[in-house]
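Please keep the sequence and the three-dimensional view at hand while working through them.

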Amino acid sequence: MAPPAPPPPPPMCFPFSSNRSRFKQASPLHSGERSPARSRQSGNLVRSGSVSTTRTLTSDRDQEKLQFDSDSEPYDVPALPNNRSQSKISHLSRDASKGSLVRTDSKRSARWGYGWGIGKAKERERELLDRSPSVNSERPPLPQYDSPTRSSSRSSRSKRPPFYSNDSSSTLVGSAFERKINDVESIKERIDTAERLEQIRKLMMKDNLDYYVVPSEDAHQSEYVSAGDKRREWISGFSGSAGQAIISKTAAYLVTDSRYWLQARAELDPNWYIITAGAVDAPKDWIDWLVDRAKNTKVGIDARMISHEKATRLNTLLNAKGSKLIFPPQNFIDLCWKNKPPRSKEPVFIQSIEFTGRETSSKIAEIRQWIRSQPPAVIPYSKSPPSPAQAHVGTLITSLSNLAYLLNLRGSDIPFNPLFYAYLFISIDRAILFLDAAKVTDDIEDYLRAHKIERRDYNDIWPFLRRREWGEGRLLINAETSYAISLMLTHFRYTVVPSLVDNMKAVKNEVELEGLRRAYLRDGAAYVRWLAWLEHKIRQGYDITEYEAAWRLTEYRRQNKHYWGLAYENISASGPNADEINELESNCTVALPHYSPSKSTAKMIDRETPYLNDSGAQYRDGTCDTTRTVHFGRPTQDQSEAYTRVLQGHIAVDSVIFPEGTTAWDGSRFWLFSECPRGASRLLEQCAAGSMAMSLRMSLASPSDLEGKWGMRIESALCVRRVRTKGEFSGDIWLGFERLTCVPIQTRMVKENMLTKEEKQWLKDHNKKCLERLEPFLKEDKRALKWLKREAERGIGIAAPGPGGITIDWD
C-alpha cells in the first residue's frame with residue numbers, strides 16, 4: 001500500500017532549487033567589454049545594464065551581469081538554518097582570478113522534500129554556505145543567498161505544480177525571507193554628525209553668524225541633485241529630496257514637510273531636531289520657522305543655493321526683525337566635505353528631431369522674438385524716453401530641464417533625470433552655452449556650431465555676468481533663478497518675469513504627443529507583464545517583498561525600446577506602507593506618499609491588504625508615470641469603499657470638460673498638473689492649438705479608525721485636447737483629456753453598487769481598451785495575455801460570502 005501523500009506546503013513557501021547555482025555573479029566587466037544579451041536558446045534571462053536606480057542611462061562599460069534561469073522547474077522547501085555563522089565560510093575559498101567563491105569540498109548534502117527539519121542540520125547549513133556568492137572582492141565574503149541544491153530525482157508526491165516557461169515566468173532568485181535576512185549592503189547606519197557640525201560652527205564664528213542654512217537644492221534649484229550637490233544630506237544624514245538644514249551655535253534643525261517626517265526620524269542622529277513643517281501649530285516652511293526665531297541675528301547661506309524669490313522674501317522678513325542675510329564667498333559644506341564627489345564628466349548627447357518634433361533654431365528664434373516684445377524697464381511716472389540701459393536685450397536660462405528642452409540635448413548628471421549642468425545665455429544676436437569641455441564631443445561641437453551657439457566653460461558664467469559682456473541693457477530672468485545671479489547683476493541690470501520656456505515645454509507638439517503615446521504603450525505592456533508575474537507568484541505561495549516586486553518591474557521595463565532608466569525611485573508599498581496617513585507613538589499623523597522600500601526593511605506583500613505601486617521610466621520618446629493599487633485576496637468592506645471612492649474621483653476628473661481659460665488647481669492632494677507653470681489660465685488657452693501633458697492623481701488614506709493600515713492611489717497621465725460637446729454648445733471653446741496611461745484598473749476592490757451607470761461603463765471601456773492596445777505587445781507572453789484578458793472581461797467586485805461564510809473567487 002502506497003504511503004499517504006505529504007501535506008501541502010505551508011503558506012510561506014520559499015522557492016528552492018537547482019544542482020547548479022541559479023544566481024551567477026560574473027566577474028567584473030572590463031573597459032570595452034559588453035554584457036550578454038537575452039539568450040532565447042538556453043531559456044535563460046540574462047540581465048544586462050546597471051541595476052542602480054540612480055543611473056539615468058546605462059552604458060556597456062559598467063553594466064552588471066546577473067543571470068538567472070527560468071522558474072519552470074520544481075522546487076523543494078528546506079528547513080531554514082538557525083545559525084549562519086560567519087566562521088562557516090571557512091568551507092569556501094576565493095578564486096582570485098574570477099572574483100567568486102569556490103567550494104573546496106564538492107560533496108553534496110542530503111536532499112530535501114516538503115516540511116521542516118528534514119535532513120541533517122550541519123548539511124543544511126553547509127548547503128546554504130555552498131550557495132553564497134562573493135559580495136565584493138575587496139572585503140571578506142558575507143553570507144548572501146543564492147539558491148539551494150535541486151534534487152535530481154524526487155518522488156512526484158513532493159513536487160510543486162510545474163511552472164510554464166515563457167518570457168515572463170522567471171522568478172526572483174531564491175527565498176525572499178533569506179534574501180531579506182542576509183541583506184547587509186542596504187542597511188544604512190546613522191551618521192554621527194557631531195564632528196561635521198563642529199567644523200561648520202567654527203566657520204560660522206569667523207563670520208559671526210547665528211545660523212547657517214544648507215538647502216537641498218543645487219545652484220539651478222533642482223529637486224533632484226547630483227552626488228556632489230547633496231550638501232544637506234552630507235551634513236545631516238537625511239537623504240530625502242526636500243528639506244533644509246539649519247545650524248545654530250548650539251543646535252541643528254532639519255525642516256521638512258510631511259512626506260519625510262518618518263524618514264527623517266529614522267536617518268537623523270541625536271544631534272538634530274526635526275521641524276515638522278506644515279503640521280498643526282507648526283511653521284509653514286523653513287523661512288517661517290527661521291523668521292520666527294530671528295531677532296537681531298545674522299543668517300548665512302550660499303547665495304547660489306537659494307532662488308531669487310525665496311531670498312527676496314526672506315530678506316524682507318528678516319529686515320523687519322532687525323536681522324539680515326549674509327552670503328559667505330565660499331560654501332561652508334564644500335570647505336569641510338572631504339572626498340566630495342566630483343562633477344560628472346559624462347558627455348551630453350543630441351535628442352533628435354524624431355523625438356522633439358522641433359529644431360533648436362526654431363525654439364531659440366521664439367525666445368528672441370519674446371525678448372524683443374518685452375517693454376523697457378521704465379519707471380512708471382517717468383516721462384523721459386527709455387534709455388538703452390532700460391531696454392531688454394537678452395535672457396539667462398538656468399533651469400536644467402528648460403535648457404535641455406531648448407537645445408534638444410540630454411545628459412546623465414542627475415539621478416532619474418536626463419539632464420546636464422550648464423547655463424544658457426540668449427540675446428537678439430548671440431547664444432552662449434556655459435558647459436564644461438569634458439562633456440562636449442566632436443558631434444556636439446559640430447551641433448552647437450551649426451546652430452551658432454558659442455561654448456564656454458561652466459564656471460565662466462560668473463566673469464561673464466560681472467563684466468556685462470552683452471553691453472548695455474537688462475537681462476530677463478525668472479523667479480527661480482539663483483539669487484547669486486541677482487546679486488551679480490544688481491537690480492539695475494535684470495527684470496524678473498514668468499518663464500516663457502516653462503510654457504513652451506508644457507505645450508506638446510504632435511511629435512512629442514505621439515512619442516508619449518508609444519512610450520506609454522510599451523510601459524503599459526511591461527506593467528501588465530509584471531502584474532501577471534506578481535499575482536502568479538503570490539498565488540503559488542511565494543513570498544515577495546516590496547523591494548523585489550519593484551526590482552522585477554524595473555527589469556521588465558529595462559527590456560523596452562528606448563529605455564533610459566527610472567523616472568524616479570520606485571514606490572512599492574504593501575499595507576501600512578501605502579497609507580498616506582501613519583500614526584507615530586507621539587500621536588501625530590504623517591504622510592508617506594513617497595515610501596520607497598529597501599532590501600533590509602521591505603515588507604512582504606500579503607493577501608490581506610492592498611498593494612500600491614507608483615513608478616515610472618524614462619524613454620527617449622517620453623517619460624512615463626503610472627500608479628495602480630491592487631489586492632491579491634478578498635478586500636474588506638472598508639478597503640473596497642475607499643478604493644471605489646478613489647476610482648470615482650479618478651473617473652470624474654478624467655471625464656471633465658472645461659472651457660478655455662480655466663485655471664489649473666495646482667498642488668491639490670487629489671489632482672494636479674504635473675508640468676503646469678504659473679499663469680495656467682493663459683496656458684490652457686494655448687492648449688486649443690496644442691496639448692499639455694499632465695498627471696491625474698487620486699489618493700486616499702485609510703479611514704481615521706484604521707490609520708496606518710493601508711492606502712489607495714490611482715494615477716494616470718493625461719493630455720489636454722480640444723473636444724466637441726453634444727450640439728456644440730457655446731461653440732468650439734471646450735477642452736478635455738486624452739488618457740495616455742494604458743494599464744487596467746483592478747475591479748475586485750470596487751463596490752459595484754456605489755458606481756453610477758456611466759462610471760461602470762467608463763471602467764469597462766478603459767480595461768477593454770487596454771486589452772485592444774496592449775494585446776499586440778503580449779503575443780509571446782501567454783501568462784500576461786491571459787491575465788490582461790481576464791481583467792478586461794471580468795465583472796466588477798467579487799461575490800459575497802455564501803451560507804456558512806464560504807467564499808469562492810472565480811478568476
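The exercises below concern a predicted model, and each is followed by a worked solution.

**Exercise 1. Aromatic pairs**

Determine how many aromatic pairs a search of the whole structure finds, and classify the pair formed by Phe327 and Tyr483.

Solution. The search of the whole structure gives 18 aromatic pairs. For Phe327 and Tyr483, the ring centres lie 5.6 Å apart and the planes meet at 50°, so this pair is tilted. As to position, Phe327 belongs to the loop between strand 11 (324-326) and helix 8 (332-336), whereas Tyr483 belongs to helix 14 (residues 483-489). The two residues are 156 residues apart, and the pair thus links distant parts of the chain.

**Exercise 2. A second pair of rings**

Classify the pair of Tyr423 and Tyr458, and state whether these residues are buried or exposed.

Solution. The distance is 5.3 Å centre to centre, and the angle between the planes is 25°. Planes under 30 degrees apart count as stacked, and the pair of Tyr423 and Tyr458 is accordingly stacked. Tyr423 lies in strand 15 (residues 423-427), and Tyr458 lies in the loop between strand 17 (454-456) and helix 13 (461-467), 35 residues apart. Both residues are buried.

**Exercise 3. Charges over rings**

Identify which ring lies under the charged end of Arg343, and which lies under that of Arg522.

Solution. The charged end of Arg343 sits over the ring of Tyr421, at 4.1 Å from its centre. In the case of Arg522, the ring is that of Tyr619, and the charged end is 5.3 Å from its centre.

**Exercise 4. The nonpolar cores**

Describe the largest nonpolar core, and name the residues touched by Leu433.

Solution. The largest nonpolar core contains 54 residues, and Leu406, Leu433 and Leu465 have the most contacts inside it. Helix 11 (residues 400-407) contributes the largest share of this core, namely six residues. Leaving aside residues up to four places away in sequence, Leu433 touches Leu403, Leu407, Ala422, Tyr423, Leu424, Leu448, Ile453, Glu454, Arg455 and Arg456. A second, separate core has 31 residues, including Ala526, Leu534, Ile605 and Leu785.

**Exercise 5. The surroundings of Lys298**

Locate Lys298, and determine how many residues and what distance in space lie between Lys298 and Asp210.

Solution. Lys298 is found in strand 10 (residues 298-301). With a relative accessible area of 29%, Lys298 is partly exposed. Lys298 and Asp210 are 88 residues apart in sequence, yet 5.4 Å apart in space, C-alpha to C-alpha. Among the residues that Lys298 touches are Asp207, Asp210, Tyr211 and Lys324.

Note on methods. Residues numbered from 1 in each chain as written. Predicted model: local features only at pLDDT ≥ 70, side-chain atom pairs only at ≥ 80, totals over all residues. Heavy atoms only, no water. Phe/Tyr/Trp six-rings, centres within 6.5 Å; stacked < 30°, edge-to-face > 60°. Helix = DSSP H or I, 4+ residues; strand = E, 2+ residues; numbered from the N terminus. Buried < 20%, exposed > 50% of the residue type's maximum accessible area, 1.4 Å probe, protein only. Lys NZ or Arg CZ within 6 Å of the ring centre and 35° of its normal. Core = buried A, V, L, I, M, F, W, Y, C linked by side-chain atoms within 4.5 Å. Contact = heavy atoms within 4.5 Å.
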